[in-house]
Amino acid sequence: MKIVIAPDSFKESLSAPDAAAAIARGVRAACPHADIVEIPMADGGEGTVAAVLAATGGQWRSTEVTDALGGRATAAWGWLDDDTAVIEMAAAAGLEQVPPERRDPLRATSRGVGELMRAALDAGARRIILGLGGSATNDAGAGMLCALGLRILDAHGHPVPDGGAGLAQAARIDTGTLDPRLATVRVEVASDVDNPLCGPHGASAVFGPQKGATPDHVRQLDAALAHFADLSARTLGRDERERAGAGAAGGLGFAAHAFLNAAFRPGVEVVAELGKLAQAMQGAALAFTGEGRMDEQTLHGKTPAGVARIASQAGVPVVALAGSLGEGYEKLYGAGITAAYSLAAGPMTLAQACAQAAQLLSDRARDATRLFLAGARIRQA
């Protein structure tokens, strides 16, 4: 019996590869001779590189970069045999890397993301997959672009300060120094965010408060990003601020649209393709997926919904395991999830649940597999 295991990470407790291994232990406890295929998943945010490399056998690499607050940090990225680089924005400019008391979306920079891309170009990349999610920045990707050679200058011809607030001083954009290798590399953005750059649904208003922005900061940042979009439109001859995904990762999606000619795809689709999830589903009797929390929002580009869609196309039932099930999770049943279970076996604190996540995940997978096998025996009788 073939069983496919394709979970996302369980934040603050298990990586996607660790979650897949825990589920596999539970499946083997119930069905020792099962043919288990583990394909760790992600949706473009933190954990994407780990999931892709675990599924493909790619290589880990690391590069020293500028962190979100202008310091130095070592960021990991991935390399695949077909000259594809896999980069997470969160590795260079992630919100979780900045203590809450130090978060400053006015000056946080995406420069380190561009430095990772430059390292990929130096390595000979012909394709760069850029996962957006978990960013600490709100600079419209300006820092990334500057690391790739773009010059954003003030009225005196000086580079504007790093960070979203500094874009209010921008008077001219010089594209002539942008790294020419970008013209020959395919950039694919993996993201489930479709917000525009500016306005009430834009990067500053929707995501800025999560990064420490006050209402005054939101107004200041939104105006600065709109000014940068105006200047970019005059420079490029087209306005990309309303494109779906332009507001992703503090507006880095805008920079990817406008200056990198990037192709945008749902992150879960990119990871599923690299991990050959659709091929693995062929001939499978059952699939498992999961993540830390599932609710109605899981339908909008999250891993369990993406796995369920691919499994449904192959006629494979899907069991979803989650740390918690929130409001509206039952709507997942209409999207291909056959059954959903939370991990906790009884009353426990969040800290206890995180500490015991691997065992809880294994136990629920064992129980679900036993139930599936019992149903199979009944159908055969």
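1. The lining of the largest pocket draws at least two residues from each of α6 (203–207), α8 (248–260), β11 (286–294), β12 (318–325), α12 (350–355) and α13. Helices (H or I, at least four residues) and strands (E, at least two) are DSSP runs.

2. The model is predicted, with local features needing pLDDT of at least 70 and side-chain atom pairs pLDDT 80 or more, while totals for chains, interfaces and linings use all residues. Residues are numbered from 1 along each chain, and side-chain values use heavy atoms, without hydrogens and water.

3. In total, 45 residues line the largest pocket, and Lys-11, Asp-43, Glu-291, Arg-293 and Lys-302 lie nearest its centre. A pocket is an open set of points on a 1 Å grid where a 1.4 Å probe fits, with protein on both sides within 12 Å along at least five of seven lines; lining residues have an atom within 4 Å of a point. The lining comprises 15 nonpolar, 18 polar (Gly among them) and 12 charged residues.

4. Helix α1 (residues 16–30) crosses helix α13 (residues 357–380) at roughly 40°, and their axes come within 7 Å. On the α1 side, the contact (heavy atoms within 4.5 Å) includes Ala-19, Ala-22, Ile-23 and Arg-25; on the α13 side, Leu-361, Ala-365 and Arg-366 are among the residues involved. The contact residues of α1 with α13 are 10 nonpolar, three polar and three charged.

5. Helix α7 (residues 215–236) packs with α8 at an angle of about 5°, the axes lying 12 Å apart. α7 and α8 are therefore roughly parallel. Leu-225, Phe-228, Ala-229, Ser-232 and Leu-236 of α7 meet Gly-250, Phe-254, Ala-258 and Phe-259 of α8. This contact of α7 with α8 has seven nonpolar, two polar and no charged residues.

Methods:
Axes are lines fitted to C-alpha atoms, for helices over the stretch in contact, and angles run from 0 to 180 degrees between N-to-C directions. Angles under 35 degrees count as roughly parallel, over 145 as roughly antiparallel, 65 to 115 as roughly perpendicular and the rest as oblique.
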